[in-house]
Amino acid sequence: MSDADPVEIFRQEAQELLETIEQGLLDLAHRPGDRDLVDAVFRGLHTLKGSGAMFGFDALAAFTHHCETAFDRVRKGEVPASAELVSAVLNAQDHMRALAEGREASESAGQALLEALQRAVDGAAPQAAAPAAPATPAGPAMTTWKVRFSLPADALANGTRPLPLLDELRELGDCAVATITDNVPALAALNPTECHLGWEVILTTSHPRDAIEDVFIFVIDDMTLEIEALETGAPPEVEAEAEAGAEIVQASAPVLVAETRGEPSTEAKAGRGGDTVRVPAERLDELMDRVGELVIAQSRLTQVAAAATDTSLRDVAEEIERLAAELRDTMMVVRMVPIAQLFGRFRRLIHDLARDTGKTIELSTEGETTELDKTVIERLADPLVHLIRNAADHGLETPADRLAAGKPATGHVTLAARQAGAEVIITITDDGRGVDRARVRAKAEDNGLIAAGAVLSDNELLQLIFAPGFSTADAITSLSGRGVGMDVVKRTIEGLRGSIEMTSEPGKGSQIALRIPLTLAIIDGLMVRVGDGRYVIPLAAVEECVELTPQQDIRSTGRSLITLRDQLVPFIRLRDLFRTGQAPDPHQKVVVVSTGHERVGLVVDQILGDHQTVIKSLSPFHADVEVFSGATILGDGGVALILDVSHLVSAGQRQDAQLRAVG
Amino acid sequence: MTDTAQTETGALQVLTFDLQGETFALPALAVREVLDVLPETAVPGAAPFVDAVINFRGRVIPLTDLRLAFGLERGPVTIDSRIVVIEHTLNGDPTLIGLRADKVHEVTTIERADTEDAPRVGLRWRADFIRCLAKRGADLIVVPDLDQIFATRGGATGAVIPFTPS
């Protein structure tokens with residue numbers, strides 16, 4: 001819990017490193033030749049090993065060391081990044097995760113993984129170009145390099161230690177180290193915590209220039225480094241290597257003086273956290289609560305000020321109102337994280353699914369920069385896993401079936417996110433066989449979910465998939481088919497005040513759309529009065545407000561429909577629903593709300609205006625009252641209930657359907 | 001409701017209050033605050049036992065009425081009416097809950113020896129709603145079993161308004 005616990009910090013860091021490594025590996029599977037990716041993976045492994053050892057995760061460090069060694073060979077071009085190798089490292093990476101989390105991980109399992117890795121490396125090696133074999137003494141000639149480097153003054157304070165750097169250089173070959181003391185100030189001016197020394201190393205090695213640069217890979221952003229070839233045995237190779245390394249250092253051949261200062265390579269920067277601050281999520285939540293209370297207190301102040309005649313009080317109240325709104329908006333942004341974080345996890349899932357099902361599956365993602373509240377993102381992870389599994393397992397056909405159906409052998413799953421108003425819409429689309437309606441119906445009848453021969457709309461039929469205890473897979477696979485997934489998905493999404501829509505075209509594929517509110521904490525609401533009670537309608541769902549004319553009122557008593565620009569819209573009299581037991585106001589209003597394509601009118605007595613709504617959840621006592629999704633505290637200290645629009649809309653649609661059926 | 005409210009000597013620290021002339025008691029440790037009557041917000045469609053919410057220091061908490069669980073009349077609000085706010089574990093989460101009381105007396109100690117289980121017969125209330133009965137002089141104090149009462153919504157039977165077209 002404590003943010004001062006270094007082990008916990010390491011675990012978090014390891015988590016991120018492993019994620020980076022995993023992403024890199026998965027990308028490598030598609031672009032085996034990409035050097036940047038190889039470097040990124042290597043850097044990740046290297047850092048993991050280093051910081052693992054520093055925090056006493058010795059088993060992790062030792063294990064990672066082997067993977068790093070294997071990957072080093074890929075990096076040097078001795079071994080291609082074959083599919084087997086990537087797979088082996090991916091498996092090894094799971095083991096590392098277990099070690100990092102301190103879970104029990106058996107030694108033998110680790111050993112087996114390493115052996116698999118070894119086999120993958122060996123298997124791949126012979127295909128590698130013969131010339132790349134620097135391990136043998138007959139390889140490229142020895143080159144003598146002059147390496148001069150100095151660290152920034154605050155390097156020691158930042159934890160950089162020069163000695164290991166020198167040790168690493170020594171490992172590359174024969175070294176002669178001299179210290180450059182030119183910059184050391186007079187004793188009186190010397191700050192012992194600052195680093196004023198430089199080093200000049202004459203190194204004779206068979207390793208290429210890259211290897212030397214890699215020694216400094218984690219400090220290169222801030223340091224001065226010059227590498228100069230004194231005598232070279234294989235000049236053409238040096239040229240080539242210099243070019244390959246051009247992204248890291250600005251090399252100026254043939255003297256090969258590289259100086260890297262400022263202009264940090266973004267990747268290295270991101271790897272070390274840059275200038276971001278890690279904050280425990282619960283502190284953010286606390287802050288959010290405070291902001292919520294502030295917003296409530298502020299609206300009280302505004303009310304008091306509006307009633308008073310004191311203009312200076314009114315000025316202050318307005319100022320506070322503006323500040324509170326800004327603070328709220330800032331707070332929202334702080335809690336927002338790009339959905340890429342979530343989508344990234346599923347690439348591995350698809351990789352594993354493809355392996356387990358024997359299908360070829362490609363995952364594409366869109367709109368990864370769409371941002372969502374952090375809590376929402378976390379709670380979306382499980383439902384999305386279910387949905388993607390379902391798409392891959394039930395939706396997509398085997399390559400043979402696909403070819404027979406005239407489709408490309410590779411199945412596609414697309415994960416897309418976009419923002420629409422105060423909602424984010426996440427869609428999972430597959431180009432598989434689509435939902436077999438007849439089977440869904442048969443299954444639902446078997447399971448007693450619907451009566452035999454019940455008349456259902458297509459949408460209702462598809463919604464059955466999300467009913468508890470429903471599963472159409474004839475064979476239960478390890479992936480899905482136990483019928484526990486989809487209803488959990490639905491519950492979770494509804495818990496987020498979201499909704500699920502499904503469309504499916506036989507033979508073409510299916511699409512599931514999740515509509516999720518941007519945040520769980522504060523919304524803009526429209527406050528209305530029904531009888532004596534005040535209620536809040538989420539403003540994002542409101543389409544328009546119209547007056548219910550007395551003629552319409554009378555005419556519609558039998559059929560609750562109003563005509564809105566030539567369209568019939570069903571409406572619900574909230575007064576009846578809430579049983580206020582009073583005579584309605586003479587001028588009732590209709591608030592038309594919608595969830596995407598379905599609309600319903602809500603008849604209220606009065607529209608009170610918009611209201612910054614801090615959402616408070618209702619206790620379990622009121623969980624069964626589906627009409628309300630929460631409550632909020634008003635400026636005068638009273639409580640208003642928040643209407644659950646999606647529930648009301650579906651209720652309105654049901655009512656409409658019943659009326660139509662009756663005639 | 002709980003053994004934490006009991007001292008080693010077997011005494012129970014309780015807050016006593018009146019509901020329609022009957023005296024009830026709740027473990028003092030569970031009680032958060034005793035409030036004067038606040039404006040309530042009715043929750044249409046909720047069980048009568050818990051038909052409203054109140055604003056308790058910036059939180060929206062449910063307001064329950066034990067009188068309904070014990071088949072008592074819901075009397076008018078008087079100058080003595082109070083709301084007792086308790087913390088109770090609902091579905092595993094500690095939840096703040098308000099209880100309507102006609103009058104709140106005091107925090108007192110009930111000796112274990114003075115209590116007895118609710119008799120199975122001869123009681124006009126549901127026996128499972130009563131944790132124990134305590135004698136104090138001529139008075140009888142009812143210690144309600146809140147777990148049981150809350151779990152059954154005060155014994156309400158589906159008071160949720162079904163959605164019917166008007």
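In this predicted model, chain B has an average pLDDT of 81, and 86% of its residues score at least 70. Two stretches of chain B fall below that level of confidence. Over residues 1-8 the pLDDT is below 50, and this stretch makes 13 contacts in the model beyond near neighbours in sequence. Residues 157-166 of chain B likewise stay under 50, with 16 contacts beyond four places in sequence. For the model as a whole, the scores are ipTM 0.83 and pTM 0.52.

The contact between the chains draws on 30 residues of chain A and 25 residues of chain B. On the chain B side, the elements that contribute two or more residues are the strands β4 (41-42), β5 (52-56) and β6 (59-64). Of the elements on this side, β6(B) gives the most, with four residues. By residue type, the chain B side that touches chain A comprises 16 nonpolar, seven polar and two charged residues.

The largest nonpolar core of the model contains 88 residues, and A:Ile537, A:Val593 and A:Leu602 have the most contacts inside it. The greatest contribution to this core comes from strand β12 of chain A (residues 522-530), which supplies six residues. Because domain 3 (281-337) and domain 5 (522-662) of chain A both give residues to the core, it lies between them. When neighbours within four places in sequence are set aside, A:Ile537 is in contact with A:Gly525, A:Leu526 and A:Val528, with A:Val542, with A:Val591, A:Val593 and A:Leu602, and with A:Leu643 and A:Val645.

An α-helix has 3.6 residues a turn, so residues three or four places apart point the same way. Just after the helix, A:Gly77 adopts a positive phi of about 80 degrees.

Notes: Residues are numbered from 1 along each chain as its sequence is written. Chains are lettered from A and ligands numbered from 1 in the order in which they are written. This is a predicted model: local features need pLDDT of at least 70, side-chain atom pairs count only at pLDDT 80 or more; totals for chains, interfaces and linings use all residues. A nonpolar core is a set of buried Ala, Val, Leu, Ile, Met, Phe, Trp, Tyr and Cys residues joined through C-beta atoms within 7 Å. A residue is buried if 20 or more other C-beta atoms lie within 10 Å of its own, exposed if 12 or fewer, and partly exposed in between; C-beta atoms are placed from the backbone. Domain bounds come from an automatic or database domain assignment. Two residues are in contact if their C-beta atoms, placed from the backbone, lie within 7 Å. Ala, Val, Leu, Ile, Met, Phe, Trp, Tyr, Cys and Pro count as nonpolar, Asp, Glu, Lys and Arg as charged, and the others, Gly among them, as polar. pLDDT is the predictor's confidence in each residue, from 0 to 100.
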